[in-house]
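Hi there,

Please have a look when you get a moment.

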Amino acid sequence: MQKRNHKDERSFPCSECEKTFNTKADLVEHQRIHTGEKPFPCPECGKQFAKKSNLVLHLRTHTGEKQYSCPECEKSFTKKSSLTRHQRIHKGEKPFSCPECGKQSNLIKHQRIHTGEKPFSCPKCEKCFTVKSILIEHQRTHTGEKPYSCPECEKCFNQKSNLLKHQRIHTGEKPFSCPECEKCFNQKSSLIEHKRTHTGEKPHSCPECDKCFTDKSSLTRHQTIHTGEKPYSCPECDKCFTDKTSLSRHERIHTGEKPFSCPECEKCFILKINLIDHQRIHTGEKPYSCTECEKCFTIKSNLIKHQRIHTGEKPYSCPECEKCFNQKSSLLKHQRIHTGD
């Protein structure tokens, strides 16, 4: 009598997709793909898994166990597959090459750039994504979940990358340096915008008046000139503003907050620009020079006032007698003639 070869025989077919399996246990495990059943819950966080082996791997995220260690650099991993991928760094091995452009990377994800395939769809808004991780991040815009918390100030974020950017406020780290002037920034986007001051590039154009801007936020602020929109209202005095930063600055008038402190004399200011102007008292710096007589000034507004001596401009007019003045303070002094003060 011939023995049955259990390894070759596949006697358990799936009724959904007709795929066959050697054992009934393998079939039952497979059928969870179709039913969505996840019978293995994590006792720590409640996350559920279709396979017990996946639960075992997941539990290591709670225990911190990393049993797979790299013999080259001793870095450890929770999964053997992660160790195998890591070891390619030491071997220089890049086994997955794109037939379209030859790039060697995560091939399956990369090829979606060429195919345009977006297999991960949001059940709320049906927006589609090329990779599952981006879908998971997107779904937090619907749930409001912010799982990444700053240990310094407890502010929360929906993406880990945003938390890392935020933490640079506390550490003072500015890893992005301008190759032209070596000025450093804590965000790459800020460096890109800054570089335009050297190139003169202004890629953001106003559709109303064709005025151009180096960054999108400046264009957005500018467009409120045309729309007249001031969506940010002060809860104290109902004064309205075109952007949130202007409202935040204004609110300091009511709160008395002066967050910008001079390291030399500890005098505090509502606005950072006022601190910068003030610090020139200590440094003696006068960066604003008159093109007519080369007289220099610590702040730009004083240069503008001075230049009226050369231009003869008198923009301040008395409503009583229409006499004109080149400075507002001179107009106020003059008006006392009419008021009798």
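**Notes on the loops and helices**

Aspartate 210 sits in the loop between strand S13 (204-205) and strand S14 (212-213). Before I go on: this is a predicted model, where local features need pLDDT of at least 70, side-chain atom pairs count only at pLDDT 80 or more, and totals for chains, interfaces and linings use all residues. Residues are numbered from 1 along each chain as its sequence is written, and side-chain values use heavy atoms, with hydrogens and water left out.

Helices (H or I, at least four residues) and strands (E, at least two) are DSSP runs, numbered from the N terminus. Buried means under 20% relative accessible area, exposed over 50%, and partly exposed in between (1.4 Å probe, protein chains only).

Back to aspartate 210: its phi is positive, about 65 degrees, although it is not a glycine. At 55% relative accessibility, aspartate 210 is exposed. Glutamate 294 also has a positive phi of about 65 degrees without being a glycine. This glutamate 294 belongs to the loop between strand S19 (288-289) and strand S20 (296-297), and it is exposed at 62% relative accessibility.

Now the helices. Serine 218 is part of helix H8 (residues 216-227) and is buried, with a relative accessible area of 18%. Its side chain makes a polar contact with the side chain of aspartate 215 (2.9 Å). A polar contact is a pair of N or O atoms within 3.5 Å; within protein, one must be able to donate a hydrogen and the other to accept it, and residues adjacent in sequence count only if both atoms are side-chain atoms.

Threonine 255, in helix H9 (residues 244-255), is exposed at 57%.

Best wishes
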